[in-house]
Amino acid sequence: MVRGFETPLDEDFGEIPESAKTGAFYFIISLFVLSTVITTLLTTVFTVLIMLLWGYFKPMKFFWFLAQLTISVFIISCANLLINVPATLSLISKDSVQSEIFSFISHLIDFCHYSILFSNLVIAIHRAFVFFLRHLTDTAFSFSIIYIWLMSVWVLALIVEIILITSNCKYRYENKSKIYQLRCEARGETKLVVNKSLPGGIQLIENIVQIGIPILIFVIYIAIISKIAYMKQSSLSSTEISILKQSIFVFVAFQASSVVFLFAQNFEITNVTAFLVKRFVNTMEILAGAATPTFFFLTSREIRKFVFTRVSPAGSQGTSNFQVRSARALD
């Protein structure tokens with residue numbers, strides 16, 4: 001009997017022969033594992049920093065959205081480290097892949113992926129308000145309404161995930177058609193699992209999530225950078241260039257997985273290629289999510305200012321103590 005979608009993540013790509021494990025194979029696998037480990041470590045540090053600096057940055061509304069995004073990236077990184085990395089390295093059995101805990105964590109990964117996408121969209125909208133509708137920013141993002149924005153990220157991500165789960169839709173490699181695409185399955189009266197055509201509504205959701213929203217985010221950032229350049233009538237500063245780099249990286253990371261999926265859906269591929277497609281997409285969704293908090297914490301003037309104000313007094317006191325000790329030594 002044909003096996004249905006008992007888990008949201010179909011890891012059964014068949015036997016991968018040793019001859020298929022080329023340099024490209026090991027490169028993609030290594031990239032996925034390293035990205036997962038590094039991103040988990042980074043987001044752990046960022047999450048700790050957010051908790052430590054919350055009182056200082058709480059008045060910054062952007063920081064609220066950044067905290068939500070960072071938490072989603074932290075969860076998806078840890079989840080991938082917990083199940084997908086061991087599965088990639090063949091450290092867990094097929095029975096474990098079919099377990100309830102594997103199923104739950106796989107759903108959690110998908111949910112976090114959607115929340116990362118919607119978080120980036122909300123951050124882009126907030127920045128657009130600051131640059132184009134400054135007089136409405138305090139109203140649209142007041143501390144009473146900001147909770148609605150934050151909740152909308154979780155709610156929209158949950159809605160997308162529930163729609164796909166209830167329709168038994170998931171990306172899956174088809175051995176007969178040799179393609180890797182979003183498929184929906186249902187059980188007939190004979191209890192056999194049968195394929196059904198992809199509903200128009202789900203196809204629309206897929207197009208919006210994979211193509212529409214990343215393009216919208218990118219367009220918003222390009223408009224912001226263009227306005228800054230027009231207002232200044234001069235070259236961009238390092239901060240503005242970093243924002244542009246961030247938007248380009250997020251766009252490329254999100255769109256790279258979409259392009260790979262489009263290729264896998266329209267051209268025949270082997271089970272090995274399908275396996276690598278899944279891992280490449282895992283890598284891109286992690287990197288796309290980690291880009292915004294990484295750019296912020298590594299380039300933010302506010303962070304540097306905070307560190308400077310905390311370190312300088314201690315440094316000055318240390319210098320004074322050193323000078324006193326030196327004077328006493330000279331006596």
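Helices and strands are here taken as DSSP runs, helices of at least four residues and strands of at least two, numbered from the N terminus. The model is a predicted one.

**Exercise 1.** Determine which element gives the largest share of the lining of the largest cavity, and describe that lining.

*Solution.* Begin with the count, which comes to three cavities of 30 Å³ or more; the largest of them has a volume of about 350 Å³. Its lining is made by 23 residues, and those nearest the centre are His 113, Tyr 114, Tyr 171, Gln 210 and Phe 261. Among the elements that give two or more residues to this lining are α4 (100–132), β1 (169–174) and α7 (200–232). The largest share, six residues, comes from α7. By residue class, the lining divides into 13 nonpolar, five polar and five charged residues.

**Exercise 2.** Find the salt bridge of the structure and state which parts the pair ties together.

*Solution.* A search of the whole structure finds one salt bridge, formed by Asp 138 and Lys 61, whose closest N and O atoms are 3.7 Å apart. Asp 138 lies in helix α5 and Lys 61 in helix α2, so the pair ties together parts that are 77 residues apart in sequence. As for accessibility, Asp 138 is exposed because its relative accessible area is 56%, over the cut-off of 50%, whereas Lys 61, at 15%, is buried, under the cut-off of 20%.

Methods
Residues are numbered from 1 along each chain as its sequence is written. This is a predicted model: local features need pLDDT of at least 70, side-chain atom pairs count only at pLDDT 80 or more; totals for chains, interfaces and linings use all residues. Side-chain values use heavy atoms; hydrogens and water are left out. On a 1 Å grid over the protein atoms alone, a cavity is a set of points where a 1.4 Å probe fits but cannot get out, and a pocket is an open set with protein on both sides within 12 Å along at least five of seven lines; lining residues have an atom within 4 Å of a point. Grid points are joined across faces, edges and corners, and a volume is the space filled by probe spheres set on the points. Ala, Val, Leu, Ile, Met, Phe, Trp, Tyr, Cys and Pro count as nonpolar, Asp, Glu, Lys and Arg as charged, and the others, Gly among them, as polar. A salt bridge is a side-chain nitrogen of Lys or Arg within 4 Å of a carboxyl oxygen of Asp or Glu. Buried means under 20% relative accessible area, exposed over 50%, partly exposed in between (1.4 Å probe, protein chains only).
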